[in-house]
Amino acid sequence: MTEQLRLMAVHAHPDDESSKGAATMARYVEQGVDVLVATCTGGERGSVLNPKLQGDPYIEANIHEVRRKEMDEARAILGVKQAWLGFVDSGLPEGDPLPPLPEGCFALQDVKEAAEPLVRLIREFKPQVITTYDENGGYPHPDHIMTHKITMLAFDAAGDPDAYPEAGEPWQPLKLYYNHGFPMGRIRALHQYLTERGQDSPYGEWIAGWEKSGRKEREITTRVRCDDWFETRDRALIAHATQIDPDGPWFRVPLEVQREVWPTEDYELARTLIDVDLPEDDLFAGLRTPTLAAEAVDARD
């Protein structure tokens, strides 16, 4: 353990890092934290969701290259480092019944084998904190669920000298969080704020669908205030031009409203190897001083 704080965010596709926890990362970068995004796939099978770019023959023929360039731009805006794990996008199956996933795609890989490049990256970067998705993937995209599986395995295996012995010297991360980019508390609060003022809300159908599904809300243990970086988050998201329509619903709620109503990005502490006091307002709570860091190393050993 050194005094340098390091955060790794594990995501399924390019653009996920800008829609889930981006303002948090930008805040930590400005504070001197070393931040690395691990992107599992190239997003090759992602549909072009921006209507202004749909049907563009160059994009359709070069989607892998285009999405890499978009990732480079978003990375630079956020100030983070970024690494590709090299898996092939599984796509989002649609229909009833669902079609089979494409042969060789990320979601069909053996979990233990697929975790190896992430274990290697963890041992190289040495993060104290990792963020990823919950067991449902945040939403049930097969690549998001697979990202959860390999991250959970890698969190434990990275510190085990008997696991993946060819993947570098062991390093044990100390905290792992699920990022919750769209908790229903936030959605309801924004919806209420807008409707009480007679303004249009983009969240009515979202709330109705959630209530119809009967899904339970996840526990929020950690709220990181990062409203000063919401604009940076949005610029990074817009950099993923094939995926994001700048005139679409992502940007219908003014930033000043978002800052007033819900100025945090929210997380669920899923694993910790150090003592914590919940709720938290910092992903590095318990790791900010050399003394606490040393105690964490002792606990790990």
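In the predicted model, the buried residues of helix H7 are Pro142, Asp143, His144, Met146, Thr147, His148, Ile150, Thr151, Met152, Ala154, Phe155 and Ala157. The helix is thus mostly covered, with 12 of its 16 residues buried. H7 comprises residues 142–157. At 1.5 Å a residue, its 16 residues should span 22 Å, and the end C-alpha atoms are 22 Å apart, which agrees.

His144 lies in H7 and is one of three residues, with His13 and Asp16, that an unreviewed UniProt entry lists under "binding site". The three positions span 132 residues in sequence, yet no two of their C-alpha atoms are more than 9.6 Å apart, so they gather at one spot. The relative accessibility of His144 is 0%; because the cut-off for a buried residue is under 20%, His144 counts as buried. Apart from neighbours within four places in sequence, His144 is in contact with Ala12, His13, Asp16, Lys20, Tyr133, Gly137 and Tyr139.

Asp16 is found in helix H1, which covers residues 16–19. With a relative accessibility of 3%, Asp16 also counts as buried. When residues up to four places away in sequence are not counted, Asp16 touches His11, Tyr133 and His144. The side chains of Asp16 and Tyr133 are joined by a polar contact of 3.4 Å.

Notes
Residues numbered from 1 in each chain as written. Predicted model: local features only at pLDDT ≥ 70, side-chain atom pairs only at ≥ 80, totals over all residues. Heavy atoms only, no water. UniProt positions renumbered as here; feature names shortened; annotations may be inferred. Helix = DSSP H or I, 4+ residues; strand = E, 2+ residues; numbered from the N terminus. Buried < 20%, exposed > 50% of the residue type's maximum accessible area, 1.4 Å probe, protein only. Contact = heavy atoms within 4.5 Å. Polar contact = N/O pair within 3.5 Å; in protein donor to acceptor, adjacent residues only side chain to side chain. Expected span 1.5 Å × (residues − 1).
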